[in-house]
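Have the sequence and the 3D view ready.

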Amino acid sequence: MEKNEKVTYVIGHKNPDTDAIAASIAYANLKNLTSKQRYEAMRCGNISSETQYVLDRFNVKAPHFIGDVRTQVKDMEIRTLPGISGEMSLKEAWITMKENNVVTLCITERKQLLGLITTGDIVETNMAVYDSDMLSRTHTSFVNIVQTIDGTMVSGELSGTFDKGKVLIGAGNAAQLEEFINEGDIVLLGNRYEAQLCSIEMGASVIIVCGRYDLSPSIIKFAEEKNCRIITTHHDTFTVARLINMSMPVGEFMKCNNLITFRLDDYIEDIKPIMAETRHRYFPVTDSKGNYIGMVSRRNFLGASKKRLILVDHNEKSQAVQGIEAAEIAEIIDHHRIGTINTGKPIYFRNQPVGSSCTIIYTMYLEAGIEIPPQIAGIMLSAIISDTLMYRSPTCTQIDRNAGAVLAVIANVNEEELARAMFSAGSNLSNKTPSEIIHQDFKKFSVGDTTIGIGQISSMDVNELHNIKERIVPELENALNNDKLDMIFIMLTNIIKESSEIIYAGANAERILEVGFGAAARHGHVTLNGVVSRKKQMLPAVTSAISGE
């Protein structure tokens, strides 16, 4: 099945958890199997220890990272005209421009951009060059000369360059020619034997015989003895005189200083002012290594396509990848409250009150009649276990349990064993900084004018949770300020005891916890028995308390 080049990114929220990563991979796989479009799983945050364990266990590659989804140069239509050699003649460059309907060519060497030349540069060169020694000063190759005048090298080597002498027309008699011809010159001639002989005798490096004339064998022999090249052409002398300067190499006339170039990863909103202030019609585009890719023009802005996204496991603007406003949202698959994402047109939005986004996607596989590969089944099962805390969370439904049971069979794993291994890997945070621990499973929410952040760390080991608490408490104020939050809450969830210790910071955080849960919060922490879900217990209670203030 032939895929269109346009790719749609399937992406979860910032600080992605196992559900966000697994959902992006699983749903991208489903879409690729059921659509002619191309879909790619992406992520906009670091992989947590728990998620990395899951990916490694089921031998699944992590999605590529994308930190900003604003429109970039690579989203524009790029004119992929190959670069030309600096040795190309001005005439050949002009012909190439006309054939490709462009006014600019890029000169490259080993894919690296050296400079550019425009039709204006060629016209200016043709009109402004009066020096008869320009061909030698620009070290014009004999190949260029022969090709430009549609000639044939009758005597002498085609290789090499013309690097000494001037170009002149042998219009006078032999005596007059002796006064003008110097060693190394190129002489344009007709079929006069005496003028040809004189030019060779005076040390001309090349004679160009114009018109459809046969050469005397004695002239050819004499030229070989004197190491003088002979070129013949069917053009008349006037035409050759007009053409010959067009054989000079473009590298001598290209612009190579202060070039305005763009990279594939440049954002359009950043380069648009530069293009508006510059009179150039075309701008070279390079990759991250400086290799020339092609050219873009102002009109390419009209065809620049927004990045196309499918959001999974979130629909809050504060949780979405940076630049979401500039992207086209095609679908949303989520199991959270309806948030703050706005779209310009109707989209497919699937939101179900289940414990995991992967439960929804599992259902969509069934609806499509698509067999779930064992690897995909393994990461989807892990996501359900993670989000439902091994089916202990109040967010868990019978649909989640049924999906988990089937996926466990497909993946050939034991759910209890997988859960213990996952949570153990997730709570082993010895190599993480306090900030990384706080943000490994962390979401922002807007409640009116108030912005809050809620993170969660789950473990089956009370000692691990205590050690984590000791490490992250001193970092809470920094996280509050750096993330521009009014309040921050971190849930240290004990899966076995089905309870969470909440540590918090923010001017009104203590009061909000007391109102929301009726529990006395003191000295920056409070233990809430039976509270293990951020989505169904923590967030509703906090938002209700804030709204009622």
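Six bridges link strand 4 to strand 5 (residues 112–118), and the two run antiparallel. A quick word on terms: strands (E, at least two residues) and helices (H or I, at least four residues) are DSSP runs, numbered from the N terminus, and two strands pair if DSSP finds at least two bridges between them.

Before going on, note that this is a predicted model, where local features need pLDDT of at least 70, side-chain atom pairs count only at pLDDT 80 or more, and totals for chains, interfaces and linings use all residues. Residues are numbered from 1 along each chain as its sequence is written, and side-chain values use heavy atoms, with hydrogens and water left out.

Back to the pair. T104 has T118 of strand 5 as its bridge partner. Strands 4 and 5 make a hairpin with two residues between them, and R110 in the turn has a positive phi of about 55 degrees. Is strand 4 mostly covered or mostly open? Strand 4 (residues 104–109) is mostly covered, with five of its six residues buried. Here, buried means under 20% relative accessible area, exposed means over 50%, and partly exposed is in between (1.4 Å probe, protein chains only).

There is also an open sheet of six strands, paired in parallel, in the order 3-2-1-16-17-18. Its edge strands, strand 3 (64–65) and strand 18 (348–351), each pair on one side only. Inside the sheet order, strand 1 (residues 7–11) and strand 16 (residues 308–312) share four bridges in the parallel sense, and T8 has R308 of strand 16 as its bridge partner.

Look at N46 next, in the loop between strand 2 (38–43) and helix 2. N46 is exposed because its relative accessible area is 61%.

Now for the cores. A nonpolar core is a set of buried Ala, Val, Leu, Ile, Met, Phe, Trp, Tyr and Cys residues joined through side-chain atoms within 4.5 Å. In the largest one, which has 51 residues, Y27, I379, M380 and I385 touch the most other members. Apart from it lies another core of 40 residues, among them M88, A93, I149 and I231.

On a 1 Å grid over the protein atoms alone, a cavity is a set of points where a 1.4 Å probe fits but cannot get out, while a pocket is an open set with protein on both sides within 12 Å along at least five of seven lines; lining residues have an atom within 4 Å of a point. Grid points are joined across faces, edges and corners, and a volume is the space filled by probe spheres set on the points.

| Space | Volume |
|---|---|
| Largest pocket | about 290 Å³ |
| Largest cavity | about 370 Å³ |
| Second largest cavity | about 40 Å³ |

The search turns up three cavities of 30 Å³ or more in the whole structure. Which residues lie nearest the centre of the largest cavity? Of its 27 lining residues, they are D17, S386, D387, D441 and Q456. The second largest cavity is lined by H336, R337, F445, R534, K535 and L539, and helix 20 gives the most to that lining, with three residues. As for the largest pocket, 14 residues line it, and I324, E325, A327, N342 and T343 are the closest to its centre.
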